[in-house]
Number of protein chains: 2
Amino acid sequence: MAPGRIAQTALYQEVAERLRQRIFAHELLPGIRIDEQQLAVEYGISRTPLREALKVLAAEGLVTLRPRRGAFVTEISDQDLDEIFPLMAMLEGRCALEATRRASPEQIARLEALHRQLQRFAASNQIGRFFEVNQEFHLRIQEMSGNRWLRQMIQDLRKVLKLTRLFSLSIDGRLQQSLDEHVGILEAIRTGDALRAQTMMHDHILAGRQALVRGAGEEARVPS
Amino acid sequence: MAPGRIAQTALYQEVAERLRQRIFAHELLPGIRIDEQQLAVEYGISRTPLREALKVLAAEGLVTLRPRRGAFVTEISDQDLDEIFPLMAMLEGRCALEATRRASPEQIARLEALHRQLQRFAASNQIGRFFEVNQEFHLRIQEMSGNRWLRQMIQDLRKVLKLTRLFSLSIDGRLQQSLDEHVGILEAIRTGDALRAQTMMHDHILAGRQALVRGAGEEARVPS
DNA sequence: TTTCATAATTATGGATACAGTATTATTCGC
DNA sequence: GCGAATAATACTGTATCCATAATTATGAAA
């Protein structure tokens with residue numbers, strides 16, 4: 001093990017996180033086999049923590065373990081996407097509902113600050129930054145809902161979604177459309193209209209999926 | 001390892017399943033520490049597959065791994081229940097909605113057969129059997145929804161719920177009330193009223209939680 | 001030339017051994 | 001007698017080793 005490491009977190013957790021990042025970065029593409037031995041050598045660790053990390057990722061659905069066959073990055077089908085997005089819409093809609101009911105003025109102000117950041121990144125067409133802050137925006141609302149399990153569930157699904165190359169935001173006009181939808185959501189939260197916030201968030205998520213379907217085939221390619 | 005075992009599934013999966021059953025049977029109570037070494041000796045296996053099994057259970061939320069402290073059976077608070085039940089209600093409601101839209105006459109007939117079984121077990125006050133078939137009833141509707149992710153999500157939450165001793169069905173009158181609610185759900189599914197099926201299932205789940213809250217303190221004890 | 005069977009190689013799954021850290025108990029000092 | 005510090009013990013975390021199963025390659029036969 002590398003000396004100087006404080007090792008407060010277990011090694012298998014670190015390995016799991018590194019693998020997650022590589023999967024999310026599409027460096028490890030869905031379907032390919034994850035070579036335990038090679039990775040162990042590459043990371044300079046033994047196979048034991050690596051195997052434990054793979055078990056964790058398998059439980060998250062990011063990798064699929066075939067007995068005696070090895071670990072493979074999970075492949076997500078279009079049908080999976082069609083099943084997951086409506087779920088996400090429902091769950092995030094619920095978040096918006098609960099968040100609206102419990103929102104404090106400070107929390108709303110924080111959301112609006114994030115929204116202004118989004119506007120800036122959209123104006124300068126910084127899609128990467130927009131993507132990050134957008135995640136932060138949604139995460140914040142999930143936290144505001146006060147329901148730990150609801151938030152966890154959404155995060156788990158989002159991990160699975162990150163397996164695919166979803167660049168709905170890079171589709172022409174989607175960035176502005178997304179911003180407009182955020183304005184509506186914020187408005188509903190600000191005025192305390194929980195049901196409207198729920199509906200708008202719900203439709204916002206589904207609109208993301210719609211943009212994907214429309215832009216199918218022309219999705220951006222990222223050189224691994 | 002026991003000879004004669006075909007061992008198609010990995011050992012860690014078997015161990016995980018055995019531990020799950022012991023946790024669900026409340027043989028391993030929430031909060032207690034799971035002794036790796038002792039269990040390894042007890043099962044006649046090494047610590048390696050046991051540790052992998054614990055990682056899986058941790059991902060499911062059944063056990064909590066405290067770094068350098070060991071594995072503990074997860075403790076569920078009342079607040080957790082208050083957060084989980086509305087979620088379950090929403091998710092199972094959604095299942096009922098989708099199931100209604102896709103229901104074939106054969107599937108409906110199968111549901112009604114299960115319902116008749118429930119009536120029999122209720123009449124003879126066989127709570128254990130009722131509980132089992134009740135699970136089957138709900139699971140069937142989840143499968144009918146055709147959404148793999150929705151079903152998985154509900155099953156995951158249900159696992160966590162099984163950590164606690166939830167015997168709402170053993171509370172006086174709840175058995176009959178549950179049956180009545182099922183009648184309503186079945187009626188909605190049969191007539192194709194998806195929205196009504198959703199609402200009724202939603203309320204059915206919440207009613208289970210309500211019964212629990214009312215019956216708090218007087219919950220029945222089940223040996224093992 | 002293609003297909004099937006057998007053998008060899010490689011990788012996964014499980015066991016055992018070792019090191020490091022945390023907890024607990026005992027002893028010493030105040 | 002009580003509290004703190006140090007030492008010992010026990011358990012987690014990691015590495016190495018071994019066995020078994022799967023896959024691939026090679027050779028022979030059709």
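The two protein copies meet through the same surface, because 96% of the interface residues of chain B are also interface residues in chain A (contact means heavy atoms within 4.5 Å). This is a predicted model, in which local features need pLDDT of at least 70, side-chain atom pairs count only at pLDDT 80 or more, and totals for chains, interfaces and linings use all residues. Residues are numbered from 1 along each chain as its sequence is written, chains are lettered from A and ligands numbered from 1 in the order in which they are written, and side-chain values use heavy atoms, with hydrogens and water left out.

Chain B superposes on chain A by a rotation of 180° with 0.1 Å of shift along its axis, at an RMSD of 0.1 Å (least squares on the C-alpha atoms of residues with pLDDT of at least 70 in both). The two copies are thus related as by a two-fold rotation axis.

Now to the DNA. DNA strand C is surrounded by 17 residues, the closest being A:Arg33, A:Arg51, A:Arg68, B:Leu11 and B:Ser46 (near means a heavy atom within 4 Å).

| Protein atom | Atom of DNA strand C | Distance |
|---|---|---|
| A:Arg68, side-chain N or O | base oxygen | 2.5 Å |
| B:Leu11, backbone N or O | phosphate oxygen | 2.7 Å |
| B:Ser46, polar side-chain atom | phosphate oxygen | 2.7 Å |

Two or more residues each come from α2 (36–43) and α3 (47–60) of chain A and from α3 (47–60) of chain B (helices are DSSP runs of H or I, at least four residues, numbered from the N terminus). With three residues, α3(B) gives the most to the surface near DNA strand C.

Notes. Polar contact = N/O pair within 3.5 Å; in protein donor to acceptor, adjacent residues only side chain to side chain.
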